[in-house]
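Hi,

Here is the structure I promised to pass on. Have a look at it first, and then read on for my notes.

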Amino acid sequence: MKCPHCGDHHHAKHRHQKGTSAVQKHGHYRRKSDSRFIQRYFCHQCQRTFSLAIHDPAYRQKKRRINHPLKVLLASSVSMRRAAKILGVSRHTVAKRLPFLAQLCRDRHAQFLDQSPAIRHLQLDELHTIDHTKLKPLAVAVAVCAKGRKILGVEVSSMPATGPLATKSRQKYGPRPDRRRQGLQQLLARLVSHVDHHAKIDTDSHPYYRALISRYFPQSAYRQVLGKKAAVAGQEQVQNKGHDPLFVINHTMAMLRANINRLVRRTWCTTKDPTRLADHLAIYMSVHNQMLTA
Ligand SMILES: [Zn+2]
């Protein structure tokens, strides 16, 4: 046992010898927020007390009970406001808990990747959503493991508005940088050490994938699959009927859209801040990998 104030950690067998520095039990309390018994300790070295709760990531949270259910609700197409109603807390509590839960999920995801065997088949794609208004679109790059459907990583990037909205967007918000390549690079860079050198990698025929994949995974077996439209237009051979080579990534993208409330199309729950969207995605990824595809 180590004292968090002075770092002293003499073995408990010294605790009855007066004058030696040691940490000893010093009463207990029942934590109000979850009724758990928490042991307190006294440190003879610095004459201060402490409890083990100090090492709990939820230390000093008054509503720790909501952490797990909130994570599941946010990954089940429930809005932050509705989650607050269901859990009987204020929406400010939910808003404050989002980045906290996201960080826990990110840490856990990093561990998950470290402990997983090298990935031998992955699929990549991008979905588009908006930052509050259609004039400010966002791209979300997603990588999944084709075996087991685990999400390996996500990255949110800004992109300029296209089509009829492009001019209006520039007038109202100025030029909007296209960070999709950088986003994809960051995603690939994080995955490099977890992917087998000769892994199979599949994407659709989006033009900038090939260069990036050959840079980060030069020895991979890269395959570009023509989208259904292109295939039907007869530019290349038509895919086998009924078989979708990008099934896993397409299915995962559909799950993201269905289960992350702010990605649902025609929703009134939109992202107001790309950082919060990234937090929400980190939480979904954790629930997806640990509950939905377990
Ligand atoms: Zn101490």
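Two strands are said to pair if DSSP finds at least two bridges between them. Strands (E, at least two residues) and helices (H or I, at least four residues) are DSSP runs, numbered from the N terminus. With that in hand, strand 5 and strand 6 (residues 151-158) pair in the antiparallel sense over seven bridges.

Some housekeeping before the rest. This is a predicted model, in which local features need pLDDT of at least 70 and side-chain atom pairs count only at pLDDT 80 or more, while totals for chains, interfaces and linings use all residues. Residues are numbered from 1 along each chain as its sequence is written, and side-chain values use heavy atoms, with hydrogens and water left out.

**Overview**

The protein chain has nine helices and eight strands. Of its 294 residues, 44% are buried (under 20% relative accessible area with a 1.4 Å probe, protein chains only; exposed is over 50%, and partly exposed lies in between). Contact means heavy atoms within 4.5 Å. Among contacts between residues at least 6 apart in sequence, 55% join residues at least 24 apart.

**The zinc site**

Which residues hold the zinc ion? Cys3, Cys6, Cys43 and Cys46 coordinate the zinc ion through their SG atoms, at 2.3 Å. Donors here are N, O and S atoms within 2.8 Å of the metal (3.2 Å for Na, K and Ca); water is not among the atoms, so sites may look incomplete. The arrangement is tetrahedral because the four donor atoms subtend angles of 105 to 116 degrees around the zinc ion; four donors count as tetrahedral if all angles lie between 85 and 135 degrees. Along the chain the donors follow the spacing C-x2-C-x36-C-x2-C. Cys3 lies in the segment before strand 1 (23-30) and Cys43 in strand 2 (residues 37-43), so the pair ties together parts that are 40 residues apart in sequence. Cys3 is buried, with a relative accessible area of 2%, and Cys43 is buried too, at 0%.

**The sheet with strand 2**

Three strands form an open, antiparallel sheet in the order 1-2-3. Strand 1 and strand 3 (48-51) are the edge strands, each pairing on one side only. Six bridges join strand 1 to strand 2, and Tyr29 stands opposite Ile38 in strand 2.

**Strand 5 and its partners**

How much of strand 5 (residues 133-145) is buried? Eleven of its 13 residues are, so to speak, under cover. Strand 4 (residues 119-131) pairs with strand 5 in the antiparallel sense over ten bridges, and Thr129 stands opposite Leu138 in strand 5. One residue separates the two strands in this hairpin, where His132 takes a positive phi near 70 degrees. With strand 6, strand 5 forms a hairpin that has five residues between the strands, and Gly148 in the turn has a positive phi of about 95 degrees. Ala143 stands opposite Gly153 in strand 6.

**A buried loop residue**

Asn261 lies in the loop between helix 8 (247-259) and helix 9 (274-292). Asn261 is buried, with a relative accessible area of 12%. Leaving aside neighbours within four places in sequence, Asn261 is in contact with Ser77, Val78, Ser79, Thr267 and Cys269.

**Confidence**

pLDDT is the predictor's confidence in each residue, from 0 to 100. The mean for the protein chain is 87, and 89% of its residues reach 70 or more. Over residues 230-240 pLDDT stays under 50, and the model has ten contacts beyond four places in sequence for them. Where pLDDT is low, the predicted coordinates should not be read in detail.

Best wishes

How values were computed: Tetrahedral: all angles 85-135°; square planar, octahedral: opposite > 155°, others 65-115°.
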